[in-house]
Amino acid sequence: MNIFVSNISFKVRENSLRDLFSQYGVVERVKIVKDRDTQRSKGYGFVEMPNDEEAQRAIEALNGYVHFERPLIVSQARGRQENSTPSAE
């Protein structure tokens, strides 16, 4: 399941999010979206967890959880996947 996470502190790195979500199960991928020009975090990202039950537990536990002094907003990702551009073969 692809999980959307927003209101992420600009101090947070991908390893920190991975550690947080790993408490609930296997984390396949973590991506914090960054500004193309400045490489500064935009304050949101995605966490991919292969087991839907573990992902749902993480969403329920971490939505509203205060992480680096900010309450996270966590939900199942909807719509366009970040890596949805087709590969040129």
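Mentor: Contact here means heavy atoms within 4.5 Å. Keep in mind that this is a predicted model.

Trainee: Which strands does helix H1 lie across, and at what angle does it run to E2?

Mentor: Helix H1 covers residues 14-22. It lies across E1, E2, E3 and E6, where E3 is residues 41-48. Its direction relative to E2 is about 140 degrees.

Trainee: In what order do the four strands stand in the open sheet?

Mentor: The pairing in this sheet is antiparallel. Strands E2 (29-34) and E6 (73-76) are the edges, since each pairs on one side only. From one strand to the next the twist averages 20 degrees. The order is E2-E3-E1-E6.

Trainee: Which residue in E6 stands opposite Ser6?

Mentor: Strand E1, residues 2-6, pairs with E6 in the antiparallel sense over four bridges. Ser6 stands opposite Ile73.

Trainee: Which element gives the largest share of the largest nonpolar core?

Mentor: That core has 19 residues, and Ile3, Leu17 and Phe21 are among those with the most contacts inside it. E1, H1, E2 and H2 each give two or more residues. The largest share is four residues, and it comes from H2.

Trainee: Which residues is Met49 in contact with, leaving aside its neighbours within four places in sequence?

Mentor: Met49 is one of the residues with the most contacts inside the largest nonpolar core. Nonpolar side chains tend to be buried together in soluble globular proteins. With those neighbours left aside, Met49 is in contact with Met1, Ile3, Phe21, Tyr24, Gly25, Val26, Val27, Glu54, Ala55 and Ala58.

How values were computed
Residues are numbered from 1 along each chain as its sequence is written. This is a predicted model: local features need pLDDT of at least 70, side-chain atom pairs count only at pLDDT 80 or more; totals for chains, interfaces and linings use all residues. Side-chain values use heavy atoms; hydrogens and water are left out. Two strands pair if DSSP finds at least two bridges between them. Axes are lines fitted to C-alpha atoms, for helices over the stretch in contact, and angles run from 0 to 180 degrees between N-to-C directions. A nonpolar core is a set of buried Ala, Val, Leu, Ile, Met, Phe, Trp, Tyr and Cys residues joined through side-chain atoms within 4.5 Å. Buried means under 20% relative accessible area, exposed over 50%, partly exposed in between (1.4 Å probe, protein chains only).
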